[in-house]
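I opened the notebook to record what I looked up in this structure, going from the whole chain to a few of its elements.

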Amino acid sequence: MKVLKFGGTSVGSAKNINQVISILENYSKKDTIICIVSAVGGITDKLLEAGTLAKQKDKNYKLKYKTIVKIHTSLAKVLIPDNHTLLIENLTNRLKKLKQILDGIYLINELSPSTSDKLLSFGERLSSLIIVETMKSRNIDVKRKNSRSLIITDSNFTKAEVKYRQTNENIRAYFSNASQKITILPGFIAKSEKGKTTTLGRGGSDFTAAIIASALKVNALEIWTDVSGMYTANPKLVKQALPIKKLSYQEAMELSHFGAKVLYPPTIQPVLNLEIPIFIKNTLRPEDAGTIITKESNGLSKMAKGISNINNISLITLQGNGMVGIPGFSKRLFETLAQNKINVILITQASSEHSICIGIDQNEVAKAKTSIDIAFEYEISLQKIDPIIVEKNLSIIALVGDNMKSHQGVSGKLFSALGKNNINIRAIAQGASEKNISVVITEKDVKKALNTLHECFFENNYKQLNLFITGVGNVGHKLIEQIKQQHNYLLKNLKINIRVIGLSNSKTMCFDDLGIDLLNWKYQLKQGVKASSDLFFKTAKTLNLRNSIFIDITANKLISKSYSNYLKESIAVVACNKIACSSNYNNYEELKRLSLKYNAPFLFETNVGAGLPILQTLNNLMASGDKIIAIHAVLSGSLNFIFNNFNDTTKFHDIVKQAQIEGYTEPDPRIDLSGIDVARKILILARESGLKMNLEDITNDSFLTKRNIKSNSVDNFYNSLVKDEAHFQNLYSTAKTKECQLKYVAELNNGKAKVGLKEIPINHPFYNLEGKDNIVMFYTSRYSNQPLIVKGAGAGAEVTASGLFADIIKIGNKE
């Protein structure tokens, strides 16, 4: 004999009901089957909504009733297309009784717990009728048995307590004489000792199945649902969630108590003592293994088995100096809540005895606060106890596993993972058994927290990085190509999974919280919404994904001002844009402070030298205790390209244009040729070496003419270069006469910085600097005679993108 239970989604459509019937037929070839069914998916809620409307004197309850009628009659007609008259007649009779109850609620303006149970019982009564009559029409050996004649309870309506002795006797007596191969029972419903309809609580169909299974001492209880077992986390919120092959009863109870909706918490209790295994199976994929729940867990090496969550939680805190060392406060608090039938989900108490904190369903918070205020009115009036503190819109997340007690550092790992993603913990509870660590967090952080913890405990230390990229010109395009190319390598060798979630250019932006398809990103961006830097930030904030990184590949001042917003949300910032780090020193310092405060990396390696490890080298020198004495550098790949290619056979205008076309200069070449870009770079190096300096402190010896400098547009600037060609030829010929090369040099000496065009002699390290290369010479306490030199390509989309990519990977490798 086997007991099977099918949930609301399993009987939620004609297609699914046919699948249920197919499973029952196959099982009945080998065993006698007892099948418990839930209401059709969504019907219990609709019944409750109709009752609530009727109680509120809202005639829209009739529309809800018509919807309920339509759903059930439509199912009947599809399932028995040729001869459904008798079933429709039976349904109509039961639905008329439902209408009478709703009309009665409307007339007397009341929905008592007793009436509520009678109202909600119709869901399972109707679904079981449809299934049985469908099976009979197909000549299957089946009977329907009313659960109310078997399961007896007290009169605690809406969540009745089972009278097991009488219930077990009824079940055994009936099934000892039953001859049919399949028996269908409506779940959830029962009958009080006084003969009134009661219910076993929401999700009580599981409980019905467990009661039947334990009374008959069957070999197994099977719970059929719409997922292939219990998962390591809610698969709707955590896409990487994995099915759990085996759980212990205790693990299953902990997970189901804290929100794993596959199983109703009381289900386990009736079968636990008899050690009847519970199988969780998928109605739509019956061949899947599912989850088996038994006395013993398996996978001794696994630290945890699953993560679960409950939303809609409120915290109530009772605290005050008058509680310290005085017995009885806890007793009075919990007695007050029990008397008002308020279920406590989580409890935590400070060791100082100064406060007690409880987590309850948010729907009960008003009643709970009122009852506690009354119970402790005297102490509050004497200021021995503070006024009750209520916090709303919270969630509980529980990490569960029998083996957590045998692994050190589980709590530390959990708290560290949440903290790194700026997920604030409001309360903590952990039993001495160490099978469950529960934390209370803000409800908006649930998805982020679940994914963070799942990645930490169940994904073999894979780290997912979620990128929001603004600026997809030459450099941005190359970065996306590099991410696409290296995806598998990073996954295999560094255990980093990079997803691009948001993209923006100056016109449009697009988002996909599952990751933008990098084979098709240009089309998706073209089809996106109008670009807005403010909306781009708000979307990144709202998505609230773990390990989020904002990447700025623009030269936009407005976007650079948004960095602080991202950092405050614990979103890391990788900037190619130099404006923020070369802005007012106080702003630079504030961004550094926010980065530390919110544990959000702020990296800008490409601000100086594109992909060259210039800032990394400087930071390593500083961190190791070295002192910077001087920095001499050629920091503009674009200017180096220009002066390496400019001579007496070329025109300065043409070389600058070529540099722009090949991506060596900014879209506005005036930024490069004015020297402001180099000034910003040496300023950043000065600041990173510990100096407090602003841009105006740097001397800029410009090689441009006044006409060049006064140009008010890019076109005018190019025209001025043509007109002043003689000036640039003169610079070249003067240097050539001295056998020197022209290089735009940045220098930092004794705390002072300057930039300008210099004539470099043959024996100098800068002389043979080719193409778009950069070079930096660090003179330090340790490198005083022979400087530490970093040299290489300092401009170009490919190398700049690789520098950004290196910063992204650095964040991925950060513990």
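Ground rules. I worked on a predicted model, in which local features need pLDDT of at least 70 and side-chain atom pairs count only at pLDDT 80 or more, while totals for chains, interfaces and linings use all residues. I numbered residues from 1 along each chain as its sequence is written, and side-chain values use heavy atoms, with hydrogens and water left out.

Whole chain. The C-alpha atoms fill a box of roughly 115 × 70 × 55 Å along the principal axes. I noted 30 helices and 30 strands, which are DSSP runs numbered from the N terminus (helices H or I, at least four residues; strands E, at least two). Of the 815 residues, 53% count as buried, where buried means under 20% relative accessible area, exposed over 50% and partly exposed in between, with a 1.4 Å probe and protein chains only.

Helix H28. Which residues of H28 are buried? In this helix, residues 714–723, I found Phe 717, Tyr 718, Ser 720 and Leu 721 buried. They lie on the same side of H28 because they cover an arc of only 160 degrees around the axis, the arc being that of the directions from the helix axis to the C-beta atoms. On the other side of H28, I found Asp 715 and Lys 723 exposed. The cover over the buried residues includes helices H24 (652–661), H25 (670–673), H27 (706–710) and H29 (725–737), with contact meaning heavy atoms within 4.5 Å.

Strand E25. I then turned to E25 (residues 628–634), where six of the seven residues are buried. E25 pairs (at least two DSSP bridges between two strands) in the antiparallel sense with E29 (residues 773–780) over six bridges, and Ile 631 has Phe 778 of E29 as its bridge partner. E25 is also antiparallel to E27 (residues 741–749), over four bridges, and Ala 630 stands opposite Asn 749 there.

Sheet E4-E6-E7. I recorded an open sheet of three strands in this order, with mixed pairing. E4 (152–153) and E7 (197–199) each have a single partner strand, so one side of each is left without a neighbour in the sheet. Two bridges join E4 in parallel to E6 (residues 189–192), and Thr 153 has Ser 192 as its bridge partner in E6.
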